[in-house]
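Good morning, everyone, and thank you for coming. Please look at the structure on the screen while I take you through the sheet, then the helices, and finally some charged pairs.

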Amino acid sequence: MTGPEGLDRRGWNHEPGELGGPDFPRMIEALRLLQARMTGASAPAETVTETAETLEKLAAAFEPFTVPEAGQIVGHRTDLPGRGQAMAPPVHIDEWDGQHVLGHVTFSRFYLGGNGAVHGGAIPLVFDEVMGRLSNTGRPRARTAYLHVNYRKITPIEQRLRVEARFEREEGRKRILTGALLDGETVVADAEGLFVALKPGQP
């Protein structure tokens, strides 16, 4: 199955909605762009000062609208890459069903570790997002119990990479999934994860 139609909301699909209004995706993309541009910049002191003041004003503007976790928008827009979370690398899903996912991701300069390579800590974010949501597709919600990542090659920034994940097997409440991140045909990282279905009433 490809595209956003027809999947259980516990997986990938969500009514793209009114949460945050029509400009919410634009705002998150602007934030991602700002993160990347600031990371790659060597700005003069006056620009840094002006930016700090602007960011402080923006933070103050949002403060009155602070809500409990269940009421926030970020993390609940499952129609958006990263569910609208600017921390997470934006994975775009091309194909999926209850057993596999194919997608792509480009790590911006924000995720730079050094020497053109993605920071090692950013790669598990992609695997946990993709494999965790695949684990929940059409199934009761689960949480990550462990995620083992193998770093096979340097993962380049600012290059489109392929993301794959597969549901391998289920043993009671335990779900085993695997994933891979590829640059062309080269596997730059792969992962195995254990996800455990929640008991009734578990958060």
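What we have here is a predicted model, and I would like to begin with its open sheet, which has six strands in the order β1-β2-β6-β7-β8-β5, with antiparallel pairing. At the edges stand β1, residues 91–96, and β5, residues 142–151, and each has a single partner strand, so one side of each is left without a neighbour in the sheet. If you ignore direction, neighbouring strands of this sheet are turned by 20° against each other on average.

Now please turn to helix α1, which covers residues 24–39. At 1.5 Å a residue, its 16 residues should span 22 Å, and the end C-alpha atoms are 23 Å apart, which agrees. Which residues of α1 are buried? They are Phe24, Ile28, Arg32, Gln35 and Ala36, and, seen down the axis of α1, these buried residues fall within an arc of 120°, so they line one face of the helix. The face turned away from that buried side carries the exposed residues Arg26 and Arg37.

That brings me to the charged pairs. Side chains of opposite charge can pair when their charged atoms come close. A search of the whole structure finds 10 salt bridges, and I will show you some of them. Arg26, which is exposed with a relative accessible area of 62%, meets Asp23 in a salt bridge of 3.9 Å, N to O, and Asp23 is partly exposed at 45%. Arg77 and Asp79 also meet in a salt bridge, at 2.9 Å, N to O; here Arg77 counts as buried at 3% relative accessibility, whereas Asp79 is partly exposed, with a relative accessible area of 28%.

My last pair is Arg83 and Glu129, whose side chains meet in a salt bridge of 2.9 Å, N to O. Arg83 lies in the loop between α2 and β1, and Glu129 in helix α3, so the pair ties together parts that are 46 residues apart in sequence. Glu129 counts as buried at 11% relative accessibility, while Arg83, at 28%, counts as partly exposed. Finally, Arg83, Glu129 and Arg133 are linked in a network of salt bridges.

Notes. Residues numbered from 1 in each chain as written. Predicted model: local features only at pLDDT ≥ 70, side-chain atom pairs only at ≥ 80, totals over all residues. Heavy atoms only, no water. Helix = DSSP H or I, 4+ residues; strand = E, 2+ residues; numbered from the N terminus. Expected span 1.5 Å × (residues − 1). Buried < 20%, exposed > 50% of the residue type's maximum accessible area, 1.4 Å probe, protein only. Arc of directions from axis to C-beta. Pairing = 2+ DSSP bridges. Axes fitted to C-alpha atoms, helices over the stretch in contact; angles between N-to-C directions. Salt bridge = Lys/Arg side-chain N within 4 Å of Asp/Glu carboxyl O.
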